[in-house]
Amino acid sequence: MNFNSQKKTSNLLLLIASFVIVSLILWNTNSFFKKFKEEERHKMEIWATAQSELLQSSEGRDLGNLHVKIFQNNTSTPMILVNMDGSIRTNNMPEELVADTIYLKKKIKKFEAENTPIAIDYNDEQLATLYYGNSEVLNKLKYYPIALLLIIFLFAAVIFFFFKTNKASEQNKLWAGMAKETAHQIGTPLTSLLGWNELLKSEQINPDITKEIEKDIGRLQNITDRFSKIGSLPKLQQHDIVKETRNAFEYLKLRSSKLIHFTFTSKIEQLPVLLNSSLYNWTIENLVKNGIDAMKGKGNIAIEIVPDGKYVNILISDTGHGIAKGDFNSIFNPGYTSKKRGWGLGLSLVKRIIEEYHKGKVKVLSSSKEGTIMQISMKSDQQ
């Protein structure tokens with residue numbers, strides 16, 4: 001038996017044991033409730049007998065002190081005594097409500113549903129009817145199993161979320177490890193490509209070709225750098241956000257379909273911002289690529305940089321099919337995707353890079369059938 005099978009068996013046994021323990025507690029509580037209810041019934045029958053004796057006292061019989069003690073000892077069970085002449089007597093009921101006939105009628109119906117009324121007879125003649133409800137202790141005991149189940153449910157929920165969070169943490173570590181290993185593995189062929197490109201230069205190949213190859217090699221090096229940073233806190237340095245945004249935008253523009261019209265505008269020439277250039281470029285590329293996918297390879301993509309006090313807003317707009325308003329927040333959750341072959345990691349990484357690493361904000365500013373506008377807000381580093 002392997003480790004996973006043993007773990008599953010242990011979890012199953014723990015689950016069965018917990019179910020048995022909870023069942024025994026509930027069964028024991030229910031048994032105690034029934035026994036307590038029977039004892040309370042017996043106490044009410046004794047009270048009814050004492051009341052019957054009291055009603056006969058007009059005949060000159062000496063009742064002694066026993067009946068008084070029986071009446072005095074009942075300080076918890078609410079009751080309503082209805083005599084045959086229609087008069088009503090209450091005990092352990094709110095004094096301010098005993099004169100309310102509507103209230104008493106409702107209580108009589110409630111008591112009758114909780115406990116069978118006790119008829120008070122004498123010589124086969126009914127003198128009164130005793131209606132009584134559950135005592136405060138009995139009511140608390142009745143709801144005890146519900147409270148117990150609620151506590152158990154909350155405890156189980158805490159355990160579930162603990163293990164779920166722990167599992168998510170392990171998965172994050174695994175993804176970070178795989179990303180770093182990928183970056184390491186890409187490094188070897190990149191070094192070889194650099195050497196081959198230098199060889200092509202020496203062979204008098206068209207410089208435009210080798211220049212573009214250098215750009216793509218630089219791009220691969222940039223991707224490798226990004227993967228190597230996953231799982232670790234990146235260093236932030238002062239960069240011109242206009243220049244960094246334009247560079248990422250232009251790179252995608254040169255390598256995208258001619259059916260897509262790219263527009264870049266900025267209301268400022270430059271603005272220093274603390275950021276990690278590699279990761280910031282990644283976010284811009286992700287948002288632009290998502291826009292291109294939403295347009296299915298045909299439409300308009302635009303980036304506009306707008307200063308806003310101490311902040312700067314980067315607006316990425318497309319003319320795609322739009323996002324449902326109810327999904328404005330969900331699209332940033334890991335695993336969420338509208339693509340048939342998507343992993344749902346792009347926008348979650350964007351949110352993590354902007355909000356956790358750069359202390360900025362990213363959101364869907366607006367979206368409709370005419371297109372979507374995404375907004376990144378970053379704090380400027382101007383002194």
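K351 is partly exposed, with a relative accessible area of 30%; buried denotes under 20% relative accessible area, exposed over 50%, and partly exposed the range in between (1.4 Å probe, protein chains only). The structure is a predicted model, in which local features need pLDDT of at least 70 and side-chain atom pairs count only at pLDDT 80 or more, while totals for chains, interfaces and linings use all residues. Residues are numbered from 1 along each chain as its sequence is written, and side-chain values use heavy atoms, with hydrogens and water left out.

The chain has a mean pLDDT (the predictor's confidence in each residue, from 0 to 100) of 79, and 81% of its residues reach 70 or more. Confidence is highest in strand β9 (residues 311–318), at a mean of 95, and lowest in helix α2 (residues 66–73), at 64. Helices (H or I, at least four residues) and strands (E, at least two) are DSSP runs numbered from the N terminus.

Three salt bridges are found in a search of the whole structure, a salt bridge being a side-chain nitrogen of Lys or Arg within 4 Å of a carboxyl oxygen of Asp or Glu. K351 pairs with E355 through their side chains at 3.1 Å, N to O. These two residues are separated by about one helical turn because they lie four residues apart in helix α8 (residues 346–357). Helix α8 also contains R352 and E356, again four residues apart, about one turn of the helix; their side chains form a salt bridge at 3.5 Å, N to O. R352 is partly exposed, at a relative accessible area of 37%, and E356 is likewise partly exposed, at 45%.

The side chains of R41 and E45 form a further salt bridge, with an N to O distance of 3.5 Å. Both residues belong to helix α1 and are four residues apart, about one turn of the helix. Relative accessible areas of 22% for R41 and 35% for E45 place each residue in the partly exposed class.

A nonpolar surface patch is formed by L12, L13, L15, I16, F19, V20 and L24, which together have about 730 Å² of accessible area. Accessible areas come from the Shrake-Rupley method with a 1.4 Å probe, and for residues only the protein chains shown count as cover. Patches are made of residues with over 30% relative accessible area and no salt bridge, joining like charges within 9 Å and nonpolar side chains (Val, Leu, Ile, Met, Phe, Trp, Tyr) within 5 Å.
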